[in-house]
Amino acid sequence: MIILDENAINRALTRISYEIIERNKGTEGLVLVGILSRGVFLARRLCGKLSATEGTEIPIGVLDITHFRDDLRSDEEDRTDMPFDVTDKTVVLVDDVLYTGRSVRAAIDAIMSRGRPRSVQLAVLIDRGHRELPIRPDYVGKNLPTSKEETVKVHVKEHDGFDDVVITKD
């Protein structure tokens, strides 16, 4: 079942971009960090919207959380690309789906290993509930109550060739 189509995703990201500007009173000192993989594409879109609205360039980074996860051990190369220091910055982590909170915890650990930000905020396209850790998003495109037997998939043009959010039964 399609939950969000291309237009709905675009509207959600536009709304999130305005909420980020409002909460932070602009974009000064702000950096966006997309969590691999689809969070990166969403972060780039948000960056474009923020830059167009505020007339400034906002630094954007790519965060690979693989080495910080508690459920996975990997000897793969770290694909993080953050060409800026996070110290004293407001870091907005961007992810596609928030579920248990474990990926976000890993992302926070990864960010903290690179410096001490002024604050860390979380923007997600979909919040599906079922948290296992006390993590709450600051910006949400859509709250989507689900059962644990359901799967939420986010498709983005840059990776999948089309935009949508679908929910399926396992």
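Guide: Helices (H or I, at least four residues) and strands (E, at least two) are DSSP runs, numbered from the N terminus, and two strands pair if DSSP finds at least two bridges between them. This is a predicted model, where local features need pLDDT of at least 70 and side-chain atom pairs count only at pLDDT 80 or more, while totals for chains, interfaces and linings use all residues. Residues are numbered from 1 along each chain as its sequence is written, and side-chain values use heavy atoms, leaving out hydrogens and water.

Visitor: How do you know that β5 and β6 pair?
Guide: Pairing asks for at least two bridges; strand β5 (residues 119-127) and β6 have 4, in the parallel sense, so they count as paired. Here V124 stands opposite V140 in β6.

Visitor: What order do the strands of the open sheet take?
Guide: The 5 strands run β3-β2-β4-β5-β6, with parallel pairing.

Visitor: Why are β3 and β6 called edge strands?
Guide: β3 (60-63) and β6 (139-143) each pair on one side only.

Visitor: What makes a set of residues a nonpolar core?
Guide: Its members are buried Ala, Val, Leu, Ile, Met, Phe, Trp, Tyr and Cys residues joined through side-chain atoms within 4.5 Å; buried means under 20% relative accessible area (1.4 Å probe, protein chains only). The largest core here has 30 residues, and L32, V94, L125, I126 and V165 touch the most other members. The largest share, 7 residues, comes from α1.

Visitor: Which core lies apart from that one?
Guide: Another core, of 20 residues, includes I35, M82, A106 and I111.

Methods: Buried means under 20% relative accessible area, exposed over 50%, partly exposed in between (1.4 Å probe, protein chains only).
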